[in-house]
Amino acid sequence: MIDLSKLTTESRNPDTMGLDEMTPTQIARIMNQEDGAVIKAIGEVIPQIAQAIEWATESLKSGGRIIYVGAGTSGRLGVLDAVECPPTFGVPPQMVVGLIAGGEKAFVEAVEGAEDSETLCKEELKSIWLSKKDIVIGLAASGRTPYVIHGLRYARFVGCKTVAISCNRNSDIGKEAMLAIEPVTGPEVLTGSTRLKAGTAQKMVLNMISTGSMIGIGKVYQNLMVDVRQSNEKLVVRSQNIVMTATGCEREEAKEVLEQADGHVKTAVIMILSDCDASEARERLLKAGGNVRQALK
C-alpha cells in the first residue's frame, strides 16, 4: 500500500477541522487565508523557476518544444497552459504540448489507472517524436505519480532538459528530473484535495515558465502581446488596441496599417514607429529574430 501520510499535501489542516460546520462566509474566508500560503511558497522557489524559464527559452530558440506531462488536475493544468499559448503568443499548437494520463478524454472525465502506468507516458512521448531539443516538465502535486516519473526518466534518456513541479519537498519526480520546483503550500483546506492550493501553485509556476519563455523568444514588446492572433472579434479589437498603445496612433490608422501588414501586429508596430512599409518592416523583423525592440534599433 502507498504511504501518503508523509506527504504535506495529504496531511490534515488544523485550522479547518470544523470545515463541515462553517458558514459560507467562513469557508470563503479560510480558503482565502490559506491561499496566501501559495504566494509565499512560490516566492521561495523563484531561482528554480527562473532556471526553468531559461531552459525553456533555449529549447524554443533551438526549434524544440515545451512538453508538459501530468495526471488528473496537474495534467489538466499542463494542457490548459499549452492550449492558451497559440492564441496569446501566435505560436503553432505543436510548440507547447500538454500530455495528460488517459489522453484528451481525461481532461473532462477521470480515466482510472492511467496515472499508475509505467509505460504510457513513454509511449506518448515517442509518438510525438521527443527530441533532445525539447524540455519536458513533469507535474504532480504529490510528486509520486508513476506516469510522470517514467515520462521524465525517458526524457532524460533521450537527452532532454527535465523539470519536475511538485508541492512536496524531496519528491520522487523531483529526484527524477534535472531541476525540481517544489513550492510547499501546506495541508489543503479539504484534506488531500490538491486541486486547491497545490493546483493554484502549479498554475502560477506554469504561467511564469510559458510567459517567461515567450518573452525570451520575442513574443512580447514592452508588456504587450504583439504576436496575438486575430482569431475572433475580441482579438481583432485587441490587436488594434495594442498597435495604438505601442505607437500612439489612432484606431483608423491602426486598422489601415494592420490591413497592410496582413493582420500582423508586430509588422504594423514597426511600420508606424519606423515609418516604413510592410516589406521593410518584415525584413527588419526577420533580421532581429522576431524581436520588435531589436528591429526598431
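**Salt bridges and a helix face**

Mentor: Start with lysine 219: it is buried, because its relative accessible area is 14% (buried means under 20%, exposed over 50%, partly exposed in between, with a 1.4 Å probe and protein chains only). This is a predicted model, where local features need pLDDT of at least 70, side-chain atom pairs count only at pLDDT 80 or more, and totals for chains, interfaces and linings use all residues. Residues are numbered from 1 along each chain as its sequence is written, and side-chain values use heavy atoms, leaving out hydrogens and water.

Trainee: Which side chain does lysine 219 meet in a salt bridge?

Mentor: Aspartate 227, at 3.0 Å, N to O. A salt bridge here is a side-chain nitrogen of Lys or Arg within 4 Å of a carboxyl oxygen of Asp or Glu. Aspartate 227 is buried too, with a relative accessible area of 9%.

Trainee: How many salt bridges are there by that rule?

Mentor: Nine. In another one, lysine 197 and glutamate 34 meet at 2.8 Å, N to O. Lysine 197 sits in helix α7 (residues 197-216) and glutamate 34 in helix α1 (residues 24-43), so the pair ties together parts 163 residues apart in sequence. Helices are DSSP runs of H or I, at least four residues, numbered from the N terminus.

Trainee: And are lysine 197 and glutamate 34 buried or exposed?

Mentor: Both are buried.

Trainee: New topic: which residues of helix α9 are buried?

Mentor: Ala254, Val257 and Leu258, in a helix that covers residues 251-260. Down the axis of α9, they fall within an arc of 100°, so they line one face; the arc is taken from the directions from the helix axis to the C-beta atoms. Glu252 and Glu259 are exposed on the other side of α9.

Key. Helices (H or I, at least four residues) and strands (E, at least two) are DSSP runs, numbered from the N terminus.
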